[in-house]
Amino acid sequence: MDSKINSETIVAHYSSKQSTITIGHGIFNFLVCLLPYSKWDVIGAIISDRVYLLHRQTIDDSLQEINACIKGYDDTEYNKSYAYAENYFNYLLHNQFSRKSLLIGIGGGVTTDFTGYLASSYMRGIDVVYVPTTLLAMVDASIGGKVAVNIEAGKNIIGHFHQPDYIIVDTGFLTTLPVEEWQCGMSEAIKHAIIGDSSSLNLFLKREVSIGNVNESLYHCVKNSVCFKANIVEQDEFEKNIRSILNYGHTVGHAIESVFHYTLSHGEAVAVGMLVESYISMKMGMPQEDFELIKELLLYYKLLPNISFSTSDIIDHMQYDKKNIKGTILFVLLEKLGKPVIGKEVPGTLITEALNYYLTMV
Ligand SMILES: NC(=O)c1ccc[n+]([C@@H]2O[C@H](COP(=O)([O-])OP(=O)(O)OC[C@H]3O[C@@H](n4cnc5c(N)ncnc54)[C@H](O)[C@@H]3O)[C@@H](O)[C@H]2O)c1
């Protein structure tokens, strides 16, 4: 990537604590300079097995410098579980991790969520650092302090708010990311752009960001997206109001994921959700040109899957969304591009019309 790019550091001031986020290309090599490593008595890194295989030399070199021990993690959604965590708690105890120790999670959102959950629970909470290695984990999962694991009854049911002390966003890791994982991250970055990250929206509209291309525009897009989410979380860390705007596309998206038994990627499901919820927004007053622009973006980045579903199945699943209040389906809608509104009720007939629109469009 362009050698002009160094790194930038942002300090997010949340109500519970502050998080220092450094973004750059190749910065993981300088981990020893980025972390005050001598303040922790034991440092352990939980590393996605796949990421370790692909980036072993870099990871070993940097972790050796801060004297961190390594524990591998088979980062499937199945293993992001309450049951699987117990082995890791035992590992921490056997290796003398104390309340003054640090865990570093290196991998995608599954790994950062899992490591965050371990850190938030072990001895009532220890420090944690994230090194996100997927686009989705960089712009979304690693930011904001939500940590969770799955139980048989559902995804992300057991968890806490536990902010990472440091986040090292090194776009160098993206050079090995498969296309489908780029699409998942792109979907969330585009979501941020639509609901208010106007700098990234410009980059997307000019088609300066493309899948698989780790260039300067991508760096700026990641930085903008991280800043956008961190800023929202600074205003409402515990999701009492404004943080809910980040759920744009997710009311329909979660139902789609569930109806398709998680065979679609989260990014695809959220993209369907964004299209359907933007259609509803247009019918409830958003300018049509904004809708056309959102549709064009989602089509350009090939985020909309060619799927077929029963609209009533989707609506049934939406009733069970954990964000609903007393069974009322609530949406994040757009008054216009960059202006989301939360907690909107939508007539059932309009939800059906919007879902049918999707079916005829793809
Ligand atoms: N905490 C939050 O606020 C939040 C927000 C969004 C999503 N999430 C969670 O994030 C998870 C999804 O995260 P994800 O999309 O990053 O998926 P993931 O962690 O499963 O990673 C996707 C795949 O990419 C591989 N991978 C990771 N980095 C790589 C790299 N640099 N090169 C090659 N392969 C690489 C992984 O091994 C995995 O196979 C879900 O569990 C979701 O619930 C959490």
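The chain exposes about 15400 Å² of accessible surface, and 49% of that belongs to carbon and sulfur atoms (Shrake-Rupley areas with a 1.4 Å probe; for residues, only the protein chains shown count as cover). Keep in mind that this is a predicted model, where local features need pLDDT of at least 70, side-chain atom pairs count only at pLDDT 80 or more, and totals for chains, interfaces and linings use all residues. Residues are numbered from 1 along each chain as its sequence is written, and side-chain values use heavy atoms, with hydrogens and water left out.

## Overall build

The secondary structure comes to 13 helices and eleven strands (DSSP runs numbered from the N terminus, with helices being H or I of at least four residues and strands E of at least two). With a radius of gyration of 20 Å, close to the 21 Å that the globule rule gives for 362 residues, the chain is as compact as a globular protein of that length. That radius is taken over C-alpha atoms, and the rule is 2.2 Å times the number of residues to the power 0.38. Along its principal axes, the C-alpha trace spans about 60 × 45 × 35 Å.

Of the 362 residues, 56% count as buried (buried is under 20% relative accessible area, exposed is over 50%, and partly exposed is in between, with a 1.4 Å probe and protein chains only). Take the contacts between residues at least 6 apart in sequence: 75% of them join residues at least 24 apart (contact means heavy atoms within 4.5 Å).

On the charge side, the mean positions of the 28 positive and 40 negative charges sit 4 Å apart. Lys and Arg count as positive and Asp and Glu as negative, while His and the chain ends are not counted; each charge is placed at NZ of Lys, CZ of Arg, CG of Asp or CD of Glu.

## Salt bridges

A search of the whole structure turns up twelve salt bridges (a side-chain nitrogen of Lys or Arg within 4 Å of a carboxyl oxygen of Asp or Glu). Here are some of them.

| Pair | N to O distance |
|---|---|
| Arg 56 and Asp 60 | 3.3 Å |
| Lys 80 and Asp 113 | 2.8 Å |
| Glu 188 and Lys 191 | 2.9 Å |

Arg 56 and Asp 60 are four residues apart in helix H2 (residues 49–65), which puts about one helical turn between them. Arg 56 is partly exposed at 48% relative accessible area, and Asp 60 is partly exposed as well, at 22%.

The bridge between Lys 80 and Asp 113 has its closest N and O atoms 2.8 Å apart. Lys 80 lies in the loop between strand E4 (69–73) and H3, and Asp 113 in helix H4 (residues 109–121), so the pair ties together parts that are 33 residues apart in sequence. Lys 80 is buried at 3% relative accessibility, and Asp 113 is buried at 12%.

Glu 188 and Lys 191 both belong to helix H6, three residues apart, or about one turn of the helix. Glu 188 is buried, and so is Lys 191. Shared partners also link salt bridges into one network that joins Glu 77, Lys 80, Asp 113 and Lys 155.

Ser 81 is in the loop between E4 and H3 too. It is buried at 12% relative accessibility, and beyond residues up to four places away in sequence, Ser 81 touches Phe 114, Val 149 and Asn 150.

## A few loop residues

Leu 177 sits in the loop between strand E9 (166–170) and helix H6 (179–195), and is buried with a relative accessible area of 13%. Leaving aside neighbours within four places in sequence, Leu 177 contacts Thr 133, Thr 134, Leu 135 and Trp 182. Its C-alpha atom is 9.9 Å from that of Leu 54, 123 residues apart along the chain.

Gln 96 is in the loop between helix H3 (82–94) and strand E5 (102–107), and is exposed at 60% relative accessibility. Not counting residues up to four places away, Gln 96 touches Val 42 and Ser 101. The C-alpha atoms of Gln 96 and Asp 41, 55 residues apart along the chain, are separated by 9.2 Å.

Now for some backbone geometry. His 261 has a positive phi of about 50 degrees although it is not a glycine; this residue is in the loop between helix H9 (250–259) and helix H10 (266–283) and is exposed at 65%. Lys 302, also not a glycine, has a positive phi of about 50 degrees. Lys 302 lies in the loop between helix H11 (288–300) and helix H12 (311–319), and is exposed with a relative accessible area of 65%.
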